[in-house]
Amino acid sequence: MKKLSIFIAFIALIMSAQAQQKNTILKGQVTDPQGKALASAVILNSKDTTETAFTDTNGLFTLFSSSPFQAIIVHKKGFERRKLRVGSQTFMSVVIAPRVEQLDELEVIAQEEDVQYSMDMSSPAAPRMAHHKALATSNGMVGNWHHVPAESRNTESYSAINENIFHRVQDEPLSTFSADVDRASYSNARRFINLGQLPPIDAVRVEEMINYFDYDYEAPKGDDPVKVFTEVAEAPWNKDHYIMHIGIKAKELDKGKLPPSNLVFLIDVSGSMGSPNKLPLLKSAMKMLVNELRDNDRVAIVVYAGAAGLVLESTPGFEKGKINQAIDQLESGGSTAGGAGIKLAYKVAADHLLKEGNNRVIIATDGDFNVGASSDGEMQRLIEEKREEGVFLTVLGFGMGNYKDSKMETLADKGNGNYAYIDNLTEAKKTLVSEFGGTLFTIAKDVKLQVEFNPAVVAEYRLIGYENRKLNNEDFNDDTKDAGEMGVGHVVTALYEVIPVGKGIGAKVDPLKYQGSAVEDVAIAGTYSNEMATVKVRYKEPNGEQSKLLSRVVSNDVSKLNMASNNLKWSSSVAGFGMLLRKSEQKGDATYENIIELAESALGKDKEGYRRECLQLMRSAEILEKNTASR
């Protein structure tokens with residue numbers, strides 16, 4: 001019996017080690033010799049310098065890797081550069097001393113407020129950056145050649161968001177919106193916080209933060225490719241309100257059963273993509289995707305800068321060496337003629353169209369389409385036209401400083417696609433490897449939701465997030481209206497904040513003279529007093545033109561918050577986090593303290609560590625908020 005126990009323990013140890021290798025996490029703190037925490041220090045995996053982390057205002061960092069760490073490189077402007085062996089450590093306390101002499105290494109801009117990181121001269125991008133430095137020196141820009149005032153180099157753009165407000169059920173019983181599986185806002189906000197800044201308010205789309213995470217929804221087993229789940233519990237930021245949680249889960253399919261893919265990468269190789277967190281990171285991400293290709297998949301690569309060109313003709317997946325060689329040869333330079341590149345990419349996709357396959361253009365860029373005859377409107381119309389011909393679009397965003405979030409979100413929406421922001425190699429792995437099917441294979445398109453609230457139970461409601469996904473009520477039954485797509489295994493989660501009858505603020509206008517009696521309407525609805533709402537979902541098959549309808553009744557069964565599922569508790573904590581970052585007028589009693597406490601109670605299995613990472617972001621944002629308030 002003792003030998004059996006030892007054997008079981010040995011097997012468990014091996015399995016644990018294998019699990020850790022899938023996604024290794026290293027945490028730590030960087031201080032100066034006096035013990036003062038150092039913000040904005042850079043931590044690099046010595047084995048793969050695209051795996052990068054930055055310390056927050058407490059000097060804390062979290063570094064992710066797809067393989068076990070051997071050593072890390074730690075440095076900060078004005079301090080010595082150290083290379084440290086990791087060994088079996090999972091938390092490292094690192095001390096770096098101020099440097100007296102300037103290092104002989106190349107420093108490049110890491111963010112708009114002079115946070116910088118070094119690049120070894122062995123890096124593929126180093127010779128190109130060295131050339132830029134030499135050119136700057138020859139033009140008389142010596143000394144701190146890399147210093148550019150933050151206000152002159154930060155040209156990031158985000159669409160304005162007008163936050164959803166409460167609606168009276170007696171006036172507006174229906175709420176209609178499109179599904180959204182984009183998650184770019186969360187990883188972009190993470191980038192800001194890890195760099196010691198709070199993100200711009202309009203960079204925070206709460207629904208994308210919620211949908212970044214996986215939830216424990218049972219996959220559909222019948223003919224329908226999606227399944228609907230609902231739950232109601234007390235709202236964490238207002239004791240008189242409820243949270244109505246809606247989840248949709250797409251069917252899981254074995255990778256081997258997915259249809260063949262015709263992929264065309266459209267790569268931005270303009271001068272703005274030269275930073276290591278742009279084109280070099282993109283190349284590493286592309287190689288990870290290449291490893292996932294099957295023999296019957298095809299890949300082509302189109303690049304664009306001053307002009308567009310085909311650098312890899314459509315190539316079968318079994319020629320991985322040829323594909324990787326083309327990736328290795330990508331270099332940045334020139335201005336950005338995005339319109340010409342998109343036209344060429346769609347032409348290549350059409351030339352190799354798979355009628356029963358997955359046809360997709362994958363555009364990778366910082367979004368800075370600043371040169372070219374094509375207007376944004378022309379590009380959008382082209383994307384919409386090709387969508388109808390069966391070629392969808394995925395958008396991958398990279399970089400900082402000139403990042404054009406507003407443009408990339410619009411392009412993905414018009415192209416029946418999805419949009420992700422890649423801030424590190426771990427995010428690339430999540431998007432292109434772990435969630436390969438969801439990112440690249442549509443299983444249901446034009447997914448719309450419509451919720452009808454019962455006025456006998458609900459006085460007012462507010463949809464949390466989805467501000468740019470709202471539809472007219474009549475659009476729900478109109479199959480010509482475009483809506484969101486769901487990929488294999490995708491989940492969509494939406495939250496409503498609900499005010500029950502008796503807790504609302506009452507009518508905002510006088511009773512109407514010529515309309516039906518509100519009392520009669522409530523009396524009719526009262527026959528369904530055990531129902532809070534009805535959720536309806538419409539979707540189309542990937543190649544279908546006629547939508548199908550699913551419906552689910554939400555019972556008037558409200559749980560105590562501490563008795564709610566981890567699904568509801570986690571999504572509510574992330575919604576609270578998003579509202580705090582947005583400085584929302586609807587945040588109620590939400591504080592970082594109580595959303596962190598709620599999140600801690602809902603971590604669940606968290607196999608990949610994404611929820612624990614979010615917890616650290618919440619703690620860092622709390623400190624940043626306090627520091628901002630004290631100025």
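**View 1. Helix 16 gives the most to the lining of the largest cavity, with three residues.** Helices (H or I, at least four residues) and strands (E, at least two) are DSSP runs, numbered from the N terminus. This is a predicted model, in which local features need pLDDT of at least 70 and side-chain atom pairs count only at pLDDT 80 or more, while totals for chains, interfaces and linings use all residues. Residues are numbered from 1 along each chain as its sequence is written, and side-chain values use heavy atoms, with hydrogens and water left out.

**View 2. The lining of the largest cavity is made up of Ala-53, Phe-54, Thr-62, Phe-64, Asn-194, Glu-613, Gln-616 and Leu-617.** Two or more of these residues come from each of strand 3 (48-54), strand 4 (60-65) and helix 16 (610-630). A cavity here is a set of points on a 1 Å grid over the protein atoms alone where a 1.4 Å probe fits but cannot get out, and lining residues have an atom within 4 Å of a point.

**View 3. Val-558 lies in the loop that runs between strand 25 (548-555) and helix 14 (566-581).** Val-558 counts as partly exposed because its relative accessibility is 27%, which falls between buried (under 20% relative accessible area) and exposed (over 50%), with a 1.4 Å probe and protein chains only.

**View 4. Val-558 touches Val-232, Ala-233, Glu-234, Tyr-242 and Met-532, leaving aside residues up to four places away in sequence.** Contact means heavy atoms within 4.5 Å. Although Val-558 and Ala-233 are 325 residues apart along the chain, their C-alpha atoms are separated by 4.8 Å.

Conventions. 1 Å grid on protein atoms, 1.4 Å probe; cavity = no way out; pocket = protein on both sides within 12 Å on 5 of 7 lines; lining within 4 Å.
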